[in-house]
Amino acid sequence: MFRFLISILFVQASLISFGQQTESQPDSATIAKPALKDSIQKAPSKFKPTGLRVGLDLVSFGQGVQKNGIRAFTQGDVRQWKFSADIDIYRYFLNFEYGKFERYWIAPASDYYNEGSFIKVGPDINFFHKDPKQNALFIGLRYGQSKYQDYIIYDYQNQVYGDNTKRVSNGELKSNWFEITTGLKVRLTRYVWSGYTARFKFRVNDNYENNALAPHWIPGYGAATRESAWGLEYWLIFRVPFKKEVIEEKK
């Protein structure tokens, strides 16, 4: 897991270094003209948001479709959907993510069900913020919170009453964690991007120590028994600009 994350960070560090070297090259027009007072006065405008991006995770979408085909939309043992939204402020992104999770685990002598939702919020730093096509190479942080419920139905044997079935359930559970994120967003068309986000999740805080049933899964995080976990999403992203933009094409 750590080798996977370190490999991604190493590759992106190389790209970041290249991007910074490219951006640091002075423009001839800038050398020829001294800095004007008006340009200094207009500098704060770069912190105005330029657009809203919304995305759908194709990995979670495809998991249910691959396992259950078209039935994934209405039934089956796993359904998961992840959505994202972000607003750019200069070289920063403010992110909000929301997801729904529902799954059955079926074993020979027991059935386990888990259902809930989760949110994630946090900033990203974009190292390609001067790219005219608004591609993004980023590193960021997230705070995640999940609310969910689960139950297990299992068979057991009693010497007096014979075979029996018992159900143990939890009401509303809540878990919290943090994430380190990194990824890439690439422009496909005027309003469409695609890209991935890799995550390292850690420091889970939960409230089920005294429950009769310890949950097996935390929606948005992963296996409840793990102190850390990693995740990967591949996004299809649509962008709504706040004003008309002119895209410079390379000749």
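**Figure 1. Surroundings of Asp-124 in the predicted model.** In this predicted model, the side chains of Asp-124 and Asn-95 are joined by a polar contact of 3.0 Å. Asp-124 belongs to strand E4 and counts as buried, because its relative accessibility is 1%. Beyond its neighbours within four places in sequence, Asp-124 is in contact with Arg-91, Tyr-92, Phe-93, Asn-95, Phe-138, Ile-139, Gly-140, Leu-141, Arg-142 and Thr-181. The C-alpha atom of Asp-124 is separated by 9.5 Å from that of Asp-86, a residue 38 positions apart along the chain. Asp-124 is also a member of a network of salt bridges that links Lys-82, Glu-97, Lys-120, Arg-142, Glu-179, Arg-199 and Glu-233 with it.

**Figure 2. The salt bridge between Glu-179 and Arg-199.** The side chains of Glu-179 and Arg-199 meet in a salt bridge with an N to O distance of 2.7 Å. This pair links distant parts of the chain, with Glu-179 in strand E6 (residues 162–187) and Arg-199 in strand E7, 20 residues apart. Both Glu-179 and Arg-199 are buried. The two residues belong to the salt-bridge network that also includes Asp-124. The structure as a whole holds 11 salt bridges.

Figure 3. Glu-102 forms a salt bridge with Arg-79, in which the closest N and O atoms are 2.6 Å apart. The pair links distant parts of the chain, as Glu-102 lies in strand E3 and Arg-79 in strand E2, 23 residues apart. Arg-79 has a relative accessible area of 19% and is therefore buried. A further salt bridge joins Glu-115 to Lys-100, with the closest N and O atoms 3.6 Å apart. Because Glu-115 lies in strand E4 and Lys-100 in strand E3, this pair ties together parts that are 15 residues apart in sequence. Lys-100 counts as partly exposed, at 34% relative accessibility.

**Figure 4. Contacts of Ser-117.** Ser-117 is placed in strand E4. With residues up to four places away in sequence not counted, Ser-117 touches Tyr-98, Gly-99, Lys-100, Gln-145, Ser-146 and Lys-147. One of these residues, Gln-145, is 28 residues from Ser-117 in sequence, and the C-alpha atoms of the two are 8.7 Å apart.

**Figure 5. A nonpolar patch on the surface.** The patch is formed by Phe-83, Phe-96, Tyr-98, Ile-119, Val-121, Tyr-143 and Phe-178, which together have about 580 Å² of accessible area. Strand E3 (92–107) and strand E4 (110–126) each supply at least two of its residues. Val-121 lies in strand E4 and counts as partly exposed, because its relative accessibility is 35%.

**Figure 6. Ser-60 in helix H4.** Ser-60 is found in helix H4 (residues 58–68). Its side chain makes a polar contact of 3.0 Å with the side chain of Asp-57. With a relative accessibility of 2%, Ser-60 counts as buried. Leaving aside neighbours within four places in sequence, Ser-60 is in contact with Gln-80, Trp-81 and Lys-82. Among these residues, Lys-82 is a member of the salt-bridge network.

Figure 7. Tyr-90 is not a glycine, yet it has a positive phi of about 60°. This residue is found in the loop between strand E2 (78–89) and E3, and Tyr-90 counts as partly exposed at 28% relative accessibility. Arg-203, likewise not a glycine, has a positive phi of about 60°. Arg-203 is placed in strand E7 (residues 192–206) and counts as exposed, because its relative accessibility is 62%.

**Figure 8. The whole chain and its confidence.** The secondary structure comprises four helices and 10 strands, which follow the pattern α-α-α-β-α-β-β-β-β-β-β-β-β-β along the sequence. Of the 251 residues in the chain, 35% are buried. Among contacts between residues at least 6 apart in sequence, 66% join residues at least 24 apart. The average pLDDT of the chain is 80, and 73% of the residues score at least 70. Over residues 15–32, pLDDT stays under 50, and the model has 11 contacts beyond four places in sequence for this segment. Over residues 70–76, pLDDT also stays under 50, and the model has 11 such contacts there.

How values were computed:
Residues numbered from 1 in each chain as written. Heavy atoms only, no water. Patch = residues over 30% accessible without salt bridge, like charges linked within 9 Å, V, L, I, M, F, W, Y side chains within 5 Å. Areas by Shrake-Rupley, 256 points an atom, 1.4 Å probe, with all protein chains shown as cover. Salt bridge = Lys/Arg side-chain N within 4 Å of Asp/Glu carboxyl O. Buried < 20%, exposed > 50% of the residue type's maximum accessible area, 1.4 Å probe, protein only. Contact = heavy atoms within 4.5 Å. Polar contact = N/O pair within 3.5 Å; in protein donor to acceptor, adjacent residues only side chain to side chain. pLDDT = per-residue confidence, 0-100.
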